Amino acid sequence: MSRKTVSQFQDAMSHLPAKLRGTGKPIYLAVADAISEAVLEGKLAPGDRVPTHRALAEVLGVDLTTATRAYAEARSRGLIEATVGRGTFIRDPALKVTSVGSGVTPVRDPGGLDLAMNLPPPVSPPIHEIMRRGLGELLSQPPADLLSYRTGSGSREEREAGAAWLRPTLGEISPDRILITAGAQPAMMAMVSSLAGSGDALLADRFTYPGMRAIAAQLGIRLVPVAADRHGMLPEAIEAACKSHDRVKGLYCVPTMHNPTAVTMPLERRQAVAEAARRNDLFVIEDDAYGLLPSVPVPAIASFAPDITFHVSTLSKVVSPSLRVAFLVVPDQRTAERLQSAVRANVLMPSPLLTTLAATWVRNGTAGAILDTIRRECAVRQAIARKTLPEGSFESETEGLHLWIRLPPGWDGVGFAAHLRNTRGLAVVPSEAFAIGGQGTGGDQAAVRLSLGAIQMREDLSRALEDVAGALREDRSQLFSAVV
């Protein structure tokens, strides 16, 4: 584990003095917020040493009482942990702490229920059985090029299967516009690196998929937040962002069952967003991971604005994460040839064994049957959530994989997630993990994302959601006063 000095900790907190000015937030809470943001951004890592209370007070120019309250708040959120005789360290969120003699010992928590990982729910028969049978059938034939290297981005048959799979959202499209990639993340990395450069900007929702945040950070690209309402990204906010920011090249959106806010754009809003993008000479990256989950899919933006839209659809969220196959649809064949080089430079090629299996499952109906089962199970689990959680406390879609819970006053996302982990053994994702520009800069209500698929048994899911409901009813101020 790393050990940072006080000066390095001060560097990680360097943005704090400016952030404190004019916020009206108590200093101790702002300090705890800054620690949580530094952890989320990777500036502080599990095992990093933090200064003593007195040293923190000197570093930030605050009194000792304020520094003590800030550390108490950070500890209540599960961000730091003190070890007698050794000091205070950034805590690994995967660890729980047990008392051993006069000190504390962090140990890996084998229990707990996972409401964080956004996985499809289990199917019957189990996916590993379906996959074992499918791979067995493929390998019972002469292996051809299944176990070797390939050039290009998918065979003709695989791209034709992709066109058939995407027909409910895209209509009829040419296989020449499709590239097969090893999941959605490499596809988006190839798109962004080819379409924008360091210093350029992409528009995105205020809360957006962390995978895009990681890509932007890697490439030196600015993500500019765009306001949204209950129907998704606002066209007028797109116009305003283009006027107030320079070098805006494109727009990134998740139009169906948005990750994390669960909003699905209606067709009219999608058309208005596409028109705003066209007026401002923007390309659109349409991340449609969940586009096929609704029983009645909404037409994709790429279906009516194909000349400016780069559409990516993965099988990981609607079939199985073990099937690392995605279909990237680009405006024309020439663009496909150009992007193929970027895809190959990034991950060389997708696994021929998996792409052939995916194409086979699309053709023989296995993929569709799995999708139907997942869709039905999602609906059952969403019904459990509506029955269990307080009415009006969350946003979701009837056949979606996740919920977006807006927290009561007094909570922040990191603190609520830590409270669930420490008191109930539940893992959820705080809104801070999705926020562009830092939580609170847009006057947002704190929230957490809950995913319904990773817990195998419905009974366990129901129990976990009951625990979440109980936590939502607790008084945050009383909990904090107990810690202090």
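Which helix holds both Arg375 and Asp372, and how many residues apart are they? In this predicted model, the two sit in helix 16 (residues 366–388), three residues apart, or about one turn of the helix. They pair up in a salt bridge, with 2.8 Å between the closest N and O atoms. Arg375 counts as buried because its relative accessibility, 13%, is under the 20% cut-off. Asp372 is partly exposed, at 33%.

That pair is one of 15 salt bridges in the structure. Another joins Arg279 to Glu239, whose closest N and O atoms are 2.7 Å apart. Arg279 is exposed at 55% relative accessibility, whereas Glu239 is buried at 18%. The side chains of Arg167 and Glu172 also meet in a salt bridge, at 2.9 Å from N to O; Arg167 is partly exposed at 38% and Glu172 exposed at 65%.

As for the chain overall, its 484 residues, 53% of them buried, form 19 helices and 20 strands. Looking at contacts with a separation of 6 or more, 72% come from residues 24 or more positions apart.

Inside, a search of the whole structure turns up two cavities of 30 Å³ or more. The second largest cavity holds about 40 Å³ of space. Its lining includes Arg150, Glu158, Met349 and Thr355, and by class counts three nonpolar, six polar and two charged residues.

Notes:
Residues are numbered from 1 along each chain as its sequence is written. This is a predicted model: local features need pLDDT of at least 70, side-chain atom pairs count only at pLDDT 80 or more; totals for chains, interfaces and linings use all residues. Side-chain values use heavy atoms; hydrogens and water are left out. On a 1 Å grid over the protein atoms alone, a cavity is a set of points where a 1.4 Å probe fits but cannot get out, and a pocket is an open set with protein on both sides within 12 Å along at least five of seven lines; lining residues have an atom within 4 Å of a point. Grid points are joined across faces, edges and corners, and a volume is the space filled by probe spheres set on the points. Ala, Val, Leu, Ile, Met, Phe, Trp, Tyr, Cys and Pro count as nonpolar, Asp, Glu, Lys and Arg as charged, and the others, Gly among them, as polar. Helices (H or I, at least four residues) and strands (E, at least two) are DSSP runs, numbered from the N terminus. Buried means under 20% relative accessible area, exposed over 50%, partly exposed in between (1.4 Å probe, protein chains only). Contact means heavy atoms within 4.5 Å. A salt bridge is a side-chain nitrogen of Lys or Arg within 4 Å of a carboxyl oxygen of Asp or Glu.
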